[in-house]
Amino acid sequence: MSARRLTAGILAAGALALSLAACGDSVEPIERLGRKATEEVQGDGPTSPPPSASSGSVSAKPSPSSEAYKRWGLSRPVEFASKPAHRPPLPKAGPGRVPVVDRIPVPAGEKTVFLTFDDGAERDPEFLKLAADLELPISMFLTDSVASGGYDYFAKLRDLGNGSVIHNHTLTHPNMRTLSYEAQKAQICGQQARLTTRFGTRPRLFRPPYGNYNDNTLRAAKDCGAEAVVLWRASMQIRNLQYAEGSALKPGDIILAHFRGPSELKGSTETQMTIRMLQKIQEQGFKIGRLEDYL
């Protein structure tokens, strides 16, 4: 079966899962593959940023309490990347469009990845404790239709002091490529307004549901005040990471996870899933960076 035919099949499956209910291993099929799959179908999407040496260097900073990792079943402390001296260059965007980013060009030799969580359907108190104890910097892409009832929870997560930030994931989680420019703008600008009103800061970044976007999405995001469309190169399923290419993480990978509960994670909790994700990151020798320090 050709790659194009396989991708078409994946997108067809994704079309059957346009609600926020998870299928398979916790995320919709199109969200498992990210930008690689969508670009094969779109054809003319922006290419991923080339690896380049930033003028700033990244070094490991001290990890949190030496005992915290033991409480959560990790074999060693989580390692973090320090803030770079300068932000790396973003891929170029067309006039009136925002750039599309799915991997951060970190300095050569630096093994850094980034944690992002989508939607907002689950508000696990244990996850707050985990994020606090391990000082995890989390980029949250929230959808109003599922997250608005728990915005207080996400404010607490943001305010832990770890550098977590709230971003835009639309009002109702539609497949953006099926909508007109006007409808896409309503989805993005509407959530920009709601998040700004609720949290006091306008979101800088936008993630389209399912990773699906087109030129109208990039125009609408720009017109709504977003600075970039953020996709991913790896996604956390219930027990394992899944990769858009290859069989391992690569430096600069943005990792997708979800605020989901046991009913959608086959009995696992969001906290258990995150611990497994951290174990996979550690096994592959990576540090965790704060996305907003690079974008």
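A nonpolar core, as I use the term here, is a set of buried Ala, Val, Leu, Ile, Met, Phe, Trp, Tyr and Cys residues joined through side-chain atoms within 4.5 Å. The model is a predicted one. In its largest nonpolar core there are 44 residues, and the ones touching the most other members are Leu134, Leu136, Phe154, Leu249, Met277 and Ile281.

Some totals for the protein. It has 10 helices and 12 strands. Of its 295 residues, 55% count as buried. Taking contacts with a separation of 6 or more, 74% are between residues 24 or more positions apart.

Now to helix α7, residues 151-158. Which of its residues are buried? They are Tyr151, Tyr153, Phe154, Ala155 and Leu157. Phe154 we have already met in the largest core. What do the buried residues of α7 pack against? The list is α5, β5, α6, β6, α8 and α10. I will take two of these helices in turn.

First, α8, residues 181-199. The axes of α7 and α8 are 11 Å apart, at an angle of about 65°. Angles of 65 to 115 degrees count as roughly perpendicular, which is why α7 is described that way relative to α8. Their crossing is right-handed. On the α7 side the contact uses Tyr151, Asp152, Phe154, Ala155 and Arg158, and on the α8 side Gln191, Leu195, Arg198 and Phe199. By class, that contact has five nonpolar residues, one polar and three charged.

Next, α5, residues 125-134. The angle between α5 and α7 is about 15°, with the axes 10 Å apart. Angles under 35 degrees count as roughly parallel, so α5 is roughly parallel to α7. This crossing, too, is right-handed. From α5 come Pro125, Phe127, Leu128 and Ala131; from α7 come Tyr153, Lys156 and Leu157. Six of these residues are nonpolar, none is polar and one is charged.

Helix α5 also packs against α10, which covers residues 270-283. Here the angle is about 30° and the axes are 8 Å apart. The crossing of α5 and α10 is right-handed. Glu126, Phe127, Leu130 and Leu134 of α5 meet Glu270, Thr271, Thr274, Ile275 and Leu278 of α10. The classes are five nonpolar, two polar and two charged. Phe127 of α5 is in this contact, and Phe127 is also listed in the contact with α7. Leu134 of α5 is one of the residues with the most partners in the largest core.

Two prolines in loops to finish. Pro203 sits in the loop between α8 and β7. Is Pro203 buried or exposed? Its relative accessible area is 2%, and buried means under 20%, so Pro203 is buried. Beyond neighbours within four places in sequence, Pro203 contacts Ile166, His167, Asn168, Gln192, Leu195, Thr196 and Gly225. Leu195 is also in the α8 side of the contact with α7. From Pro203 to His169 the C-alpha distance is 10.0 Å, across 34 residues of sequence.

The other is Pro105, in the loop between β3 and β4. Pro105 has 9% relative accessibility and therefore counts as buried as well.

Notes:
Residues are numbered from 1 along each chain as its sequence is written. This is a predicted model: local features need pLDDT of at least 70, side-chain atom pairs count only at pLDDT 80 or more; totals for chains, interfaces and linings use all residues. Side-chain values use heavy atoms; hydrogens and water are left out. Axes are lines fitted to C-alpha atoms, for helices over the stretch in contact, and angles run from 0 to 180 degrees between N-to-C directions. Helices (H or I, at least four residues) and strands (E, at least two) are DSSP runs, numbered from the N terminus. Angles under 35 degrees count as roughly parallel, over 145 as roughly antiparallel, 65 to 115 as roughly perpendicular and the rest as oblique. A crossing is left-handed if the near helix is turned anticlockwise from the far one by less than a right angle, and right-handed if clockwise. Contact means heavy atoms within 4.5 Å. Ala, Val, Leu, Ile, Met, Phe, Trp, Tyr, Cys and Pro count as nonpolar, Asp, Glu, Lys and Arg as charged, and the others, Gly among them, as polar. Buried means under 20% relative accessible area, exposed over 50%, partly exposed in between (1.4 Å probe, protein chains only).
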